[in-house]
Amino acid sequence: MSRRLRLIAMVTFTALSTAVAVVVAQPSAAADPTSTPPPNWSGMDVRDYSGPAPARAGTLIEQVPLAADLSIPGAARAYRIHYATPDQHGRPATSTGAIFLPPGTPPPGGWPVLAWAHGTTGLGDDCTPSAQPRSDRDSAYLSHWLGEGYAIVSTDYVGLGTPGLMSYLNGDSEAHSIVDSVKAARQTGLPLSSRWAIVGQSQGAGAALNGAHQATALSRGSGLDYRGVVATGTPANIEQVIALGGPDFPPVTLPAGLNTYAAYILAGFIEARPDLGVRSALTPRGAELVAAARTLCYAEMADLMTGVDLRTLFRRPLAGIPGVREGLAEYMGTPYSGYDRPIFLGQGLLDTDVPAPSALSLYAQMTAAGQPVELHVYPAEDHSGTVLASIRDSTPFLQRIMR
């Protein structure tokens with residue numbers, strides 16, 4: 001076994017044992033039963049879009065004003081956009097997103113842009129962020145950046161609110177959605193600068209890093225000037241944990257959030273890689289829960305997954321299926337080398353959704369590979385709390401790289 005594989009294996013089991021220890025010490029509370037409200041499409045419902053997707057990724061198809069109740073505090077104007085981007089199978093497809101502009105007069109050249117990569121909302125169309133009110137945390141976070149003079153471009157990721165399934169934690173697909181949203185935003189006629197960076201949390205942190213890894217290449221020839229990335233609560237090396245899935249998985253009931261992420265990953269991976277036959281490893285109960293993951297938003301899915309023993313989802317180990325380990329790494333692996341712009345990693349030590357060893361191991365891998373990365377650890381913060389706590393460090397970071 002190579003040195004890198006030994007490191008990943010060590011990190012995998014450390015992260016898993018951390019999660020187990022937390023569960024034993026603090027049993028997970030029941031998920032918030034609040035149901036997801038009906039989506040508001042702002043007059044642009046493209047769930048059944050049948051027009052040909054433009055072959056050129058990043059092409060703007062349509063823009064409409066965003067419904068007032070879907071905006072965020074501090075936004076002077078807000079829009080919903082529909083644009084071209086490839087899906088997880090490499091086929092021409094479309095995605096939607098939102099643009100928020102700060103108040104006041106834009107600086108010469110337009111407002112510098114932050115591409116927001118959102119965290120887990122779910123895989124079904126009802127979970128589309130640009131068609132739902134933002135959480136209080138996300139509203140506060142994005143409002144901060146508006147107050148700093150940045151415009152926000154927030155992709156929904158291809159498949160959320162558009163035909164097809166959103167490919168959960170699929171790094172390549174999410175990277176395209178992010179970069180293409182910024183390319184499309186620049187075609188709206190709004191006063192947006194060519195200077196841009198990416199910020200993301202949780203699912204969005206993995207998406208943001210994959211977007212950062214490909215940003216320069218995917219935006220080449222567009223006139224965009226990519227500067228760097230802020231990622232908090234990054235789910236790195238999680239593919240090594242998923243590969244352990246099977247009837248011999250550790251006999252521990254994980255928090256509802258971790259169970260929900262596992263179901264979403266399986267749903268996305270099975271759809272993206274039908275050639276591997278992963279569905280055959282599921283029990284009838286497992287198949288039922290993975291099917292539910294394709295449509296239920298986070299609150300409802302977490303409620304369903306509360307108290308579920310992940311061993312009951314599998315009839316045989318995933319690792320026994322030829323190509324699964326490699327397929328998972330390709331599907332959801334976070335690159336640790338090959339970046340050309342600065343990287344900010346933020347991690348809470350009380351994070352039980354993405355245990356700290358995940359981001360800490362990624363930092364170690366990036367540092368060993370000589371990447372331009374800095375790590376900020378927040379000892380008193382959990383998964384959600386890290387987002388706002390990181391502002392004190394990420395604000396000067398962005399000020400520095402966006403000059």
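This report covers the salt bridges and the disulfide of a predicted model.

## Ground rules

Local features need pLDDT of at least 70 and side-chain atom pairs count only at pLDDT 80 or more, while totals for chains, interfaces and linings use all residues. Residues are numbered from 1 along each chain as its sequence is written, and side-chain values use heavy atoms, with hydrogens and water left out.

## Salt bridges within helices

A search of the whole structure turns up 11 salt bridges. The term means a side-chain nitrogen of Lys or Arg within 4 Å of a carboxyl oxygen of Asp or Glu. Among them is the pair D180 and K183, with the closest N and O atoms 3.4 Å apart. Both residues sit in helix 3 (residues 171–185). They are three residues apart, about one turn of the helix. Helices here are DSSP runs of H or I with at least four residues, strands are runs of E with at least two, and both are numbered from the N terminus. D180 and K183 are both buried. Buried means under 20% relative accessible area, exposed means over 50%, and partly exposed lies in between (1.4 Å probe, protein chains only).

Helix 7 (residues 284–293) holds E288 and R285. These two are also three residues apart, about one turn of the helix. Their salt bridge brings the closest N and O atoms to 3.3 Å. E288 counts as partly exposed, at 48% relative accessibility. R285 is partly exposed too, at 34%.

## Another pair and a network

D225 pairs with R227 in a salt bridge. The closest N and O atoms are 2.8 Å apart. R227 counts as buried, at 17% relative accessibility.

Salt bridges can also join up. R273, D275 and E330 are linked in a network of them.

## The disulfide

A disulfide is a covalent bond between the sulfur atoms of two cysteines. Here it is counted when a pair of cysteine sulfur atoms lies within 2.5 Å. The structure holds one. C127 and C297 form it, with their sulfur atoms 2.2 Å apart. The link is left-handed, with -100 degrees about the S-S bond.

What does the pair tie together? C127 lies in the loop between strand 4 (111–117) and helix 2 (136–147). C297 lies in the loop between helix 7 and helix 8 (298–305). So the pair ties together parts that are 170 residues apart in sequence. Both C127 and C297 are buried.
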